[in-house]
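Please read them alongside the structure.

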Amino acid sequence: MTGNARYGSEADLRAIDTVRDAHIAAINCNDSGAWTAQFTEDGVQMPPNVPANIGKAMIASWSHAMLSQFRVQFNLSVDEVRVVGDWAFERGGYTISLSPTERATPMRDSGKYITIYERRPAEPWRMARDIWNSSIPAPGM
């Protein structure tokens with residue numbers, strides 16, 4: 001984390017850190033199953049430039065398709081985490097390098113994200129909503 005704001009119990013913040021670390025590791029290992037496992041069953045993933053993936057099955061399908069096309073280097077810098085009851089939100093930035101399997105030159109991107117976490121009875125914290133978008137201007141803008 002980058003010297004950010006953290007609000008909530010230490011136990012909750014550590015548990016959310018664990019989910020985030022597993023999310024990052026899964027993407028960097030091209031493990032779509034481990035990435036999908038970080039979401040609630042009714043999670044919503046909102047990648048840029050495509051429709052939202054609603055529910056774990058759609059998240060799994062999109063994540064598998066994306067990771068099967070690239071070798072990925074992904075990192076998050078967290079600016080803020082706030083826990084309120086059984087919900088928490090996180091805001092920060094990301095960097096990603098996507099190396100397509102059919103060519104050597106990676107595509108690089110950086111941007112911002114918000115992740116909303118949910119803790120359900122007898123379950124650990126999981127990602128309930130995840131949205132990210134690029135800070136790099138579109139061509140011609």
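1. The side chain of E80 makes a polar contact with the side chain of R91, at 2.8 Å. A polar contact is a pair of N or O atoms within 3.5 Å; within protein, one must be able to donate a hydrogen and the other to accept it, and residues adjacent in sequence count only if both atoms are side-chain atoms. The side chain of R82 also makes a polar contact with that of E80, at 2.4 Å.

2. The model is predicted: local features need pLDDT of at least 70, side-chain atom pairs count only at pLDDT 80 or more, and totals for chains, interfaces and linings use all residues. Residues are numbered from 1 along each chain as its sequence is written, and side-chain values use heavy atoms, with hydrogens and water left out.

3. E80 belongs to strand β4, residues 70–84 (strands are DSSP runs of E, at least two residues, numbered from the N terminus). E80 counts as buried because its relative accessibility is 11% (buried means under 20% relative accessible area, 1.4 Å probe, protein chains only). Apart from neighbours within four places in sequence, E80 is in contact (heavy atoms within 4.5 Å) with N4, A5, F89, E90 and R91.

4. Strand β7 (residues 125–134) runs parallel to β2 (residues 39–46), joined by four bridges; strands pair if DSSP finds at least two bridges between them. Within β7, D130 stands opposite Q45.

5. Strand β6 (residues 107–119) runs antiparallel to β7, with nine bridges. R129 in β7 is the bridge partner of I116. Five residues lie between the strands of the β6 and β7 hairpin, where A122 takes a positive phi near 65°.

Technical notes
Buried < 20%, exposed > 50% of the residue type's maximum accessible area, 1.4 Å probe, protein only.
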